[in-house]
Amino acid sequence: MDRDGTIAIIGAGIAGAAAARRLSEAGRRVVVLDKGRGPGGRMATRRGPDSLRFDHGAQYFTARDPLFAALVEGWTARGVAAAWGEPGGGRPGRHVGTPGMSAPVRDLLDGLDVRCGRAVGRLVRDGRDWRLAEADGAALAEDAAFSAVLLTCPSPQSLALLAGAGHDLPGVAEVRYAPCWTLMLAHDGPPLRDGPVREDRDPGATIAWIAENGSKPGRQGGGTLVAHASPSWSRAHLECEAEDVAGRLVSALWDLMPLGDIRHRAAHRWRYAAVERAVGEPCLFVPGSGLGFAGDGCLGPRVEFAYLSGLALAERVLAEAA
């Protein structure tokens with residue numbers, strides 16, 4: 001692999017951002033591409049009417065690994081993240097990005113070449129390099145051939161790209177995800193009676209998680225809820241229309257808590273919300289191919305694991321080029 005070549009990173013979530021920052025700090029040129037409107041991946045914040053904002057993906061993150069804990073401490077000192085609530089029961093404390101969950105990802109990507117709204121459909125081998133294309137063959141990142149392509153999008157999307165390129169990364173196909181329908185609700189009723197979070201671990205429940213979004217540091221306004229449907233309910237209704245799902249989840253919420261007049265409601269479908277089966281390796285990389293895979297599919301369903309996976313993949317790339 002060309003030690004001076006540009007590296008493409010597909011996916012601007014926490015894993016892709018971690019890899020991009022480490023590679024850039026080591027002097028490598030990186031281009032980060034993501035099909036979304038902005039960076040963050042599942043660490044996402046959705047804007048609604050009247051300046052409403054909802055963290056509709058990952059709700060918080062914890063820090064157990066010393067390396068990640070030091071990073072979170074730095075984010076906190078600079079106002080990029082903040083503690084949310086008090087730790088209890090021996091559990092590590094919850095942290096959130098401020099003013100939205102995507103803030104830590106944006107911080108890692110600050111100053112780098114990030115191109116959002118660019119959906120990679122094909123990987124094309126060009127001699128020793130790689131080029132990226134839309135599904136119909138139209139070129140992406142026309143200005144560059146890439147010495148390596150690092151996949152940090154969910155494994156089904158990564159597998160499709162690998163298959164189109166005629167390559168394989170053993171282990172990617174092992175990853176399994178649970179879907180999640182998310183409800184974003186603004187209402188005039190009272191807050192949750194039992195604190196900013198209500199969790200139901202019953203696999204047969206309709207709603208598995210409710211959070212008072214306004215209780216998080218750096219947020220404004222009360223009466224904003226984020227509710228995650230359970231994996232089983234989400235699977236059963238995966239192909240339903242978003243408005244139909246929103247209505248069903250509002251009805252389920254009425255059974256759990258009093259709601260006032262509803263000012264806004266919307267549902268978002270995450271097909272690959274949470275890892276149910278991970279590879280069990282920090283990252284996947286085939287020496288000589290320039291292809292690698294990182295994300296929570298490698299180590300498990302935590303923001304911290306996704307960060308450490310992206311960092312591990314960057315180190316593998318640097319070691320090969322040394």
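Modeller: The structure holds zero disulfides. Please bear in mind that this is a predicted model.

Biologist: Why are C283 and C298 called buried?

Modeller: Buried means under 20% relative accessible area. C283 has 8%, so it is buried; C298 has 0%, so it is buried as well.

Biologist: Which residues touch the most other members of the largest nonpolar core?

Modeller: That core has 45 residues, and I9, I14, L23, F61 and W75 have the most contacts with other members. Among the elements giving two or more residues to it are β1 (6-10), α1 (14-25), α2 (66-77) and α8 (303-321). The largest share, nine residues, is supplied by α8. A second, separate core has 27 residues, including A8, V31, V120 and Y177.

Biologist: How do the axes of α1 and α8 cross?

Modeller: The two axes come within 7 Å, with a crossing angle of roughly 35°. The crossing of α1 and α8 is right-handed. On the α1 side, the contact is made by I14, A15, A18, A19, R22 and L23. The α8 side includes V303, A306, Y307, G310 and L311.

Biologist: What classes of residue make up the contact of α1 with α8?

Modeller: The contact has 12 nonpolar, one polar and two charged residues.

Biologist: What makes E304 count as buried?

Modeller: The cut-off for buried is under 20% relative accessible area. E304 has 1% relative accessibility, so it counts as buried. This residue is found in helix α8.

Biologist: Which residues does E304 touch, leaving aside those up to four places away in sequence?

Modeller: E304 touches T62, A63, R64, D65 and F68. Although E304 and F68 are 236 residues apart along the chain, their C-alpha atoms are separated by 6.7 Å.

Methods
Residues numbered from 1 in each chain as written. Predicted model: local features only at pLDDT ≥ 70, side-chain atom pairs only at ≥ 80, totals over all residues. Heavy atoms only, no water. Disulfide = S-S within 2.5 Å. Buried < 20%, exposed > 50% of the residue type's maximum accessible area, 1.4 Å probe, protein only. Core = buried A, V, L, I, M, F, W, Y, C linked by side-chain atoms within 4.5 Å. Helix = DSSP H or I, 4+ residues; strand = E, 2+ residues; numbered from the N terminus. Axes fitted to C-alpha atoms, helices over the stretch in contact; angles between N-to-C directions. Left-handed = near helix turned anticlockwise from the far one by under 90°. Contact = heavy atoms within 4.5 Å. Nonpolar A, V, L, I, M, F, W, Y, C, P; charged D, E, K, R; others polar.
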